[in-house]
Amino acid sequence: MYDALIKLNSIKDLYSFVDILDKHSGTFEIVANDYVVDAKSLMSMLSLDLSKPLELSFDSDEASDILSQLQPFILRE
């Protein structure tokens, strides 16, 4: 299981983020306050307050590749 704090600064960032995750297998969740949503679901992601950092938790065999692709959005791992 991997955790990273991410920040999506625009809708364009959101689309790019979801597109990156959609290309990989695994379970991806965003934890925001009391909510847990599927990070691969654009509709679920749009329901969140994107003005604040979000916690990404995921489990995948491709973790290092995923983290490198998500680097522009990661505040800290």
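Mentor: Start with D19. This is a predicted model, and in it D19 is partly exposed, with a relative accessible area of 40%. D19 forms a salt bridge with K23. Their closest N and O atoms are 3.6 Å apart. K23 has 59% relative accessibility. Exposed means over 50%, so K23 counts as exposed.

Now take the other pair. The search of the whole structure finds two salt bridges. D49 and K52 meet through their side chains in a salt bridge, at 4.0 Å from N to O. D49 is partly exposed, at 42% relative accessible area. K52 is partly exposed too, at 48%.

Next, go inside. The largest nonpolar core holds 25 residues. Among its members, F17, I30 and M45 touch the most others. Several elements each supply at least two residues of this core: strand 1 (2-6), helix 1 (11-22), strand 2 (27-32), strand 4 (54-59) and helix 3 (63-69). Helix 1 gives the largest share, five residues. In general, nonpolar side chains in soluble globular proteins tend to be buried together.

Finish at M45. Leave out residues up to four places away in sequence. M45 then touches L8, L14, F17, V18, I30, V37, D38, A39, L50 and L54. Look for F17 and I30 in that list.

How values were computed
Residues numbered from 1 in each chain as written. Predicted model: local features only at pLDDT ≥ 70, side-chain atom pairs only at ≥ 80, totals over all residues. Heavy atoms only, no water. Core = buried A, V, L, I, M, F, W, Y, C linked by side-chain atoms within 4.5 Å. Buried < 20%, exposed > 50% of the residue type's maximum accessible area, 1.4 Å probe, protein only. Helix = DSSP H or I, 4+ residues; strand = E, 2+ residues; numbered from the N terminus. Contact = heavy atoms within 4.5 Å.
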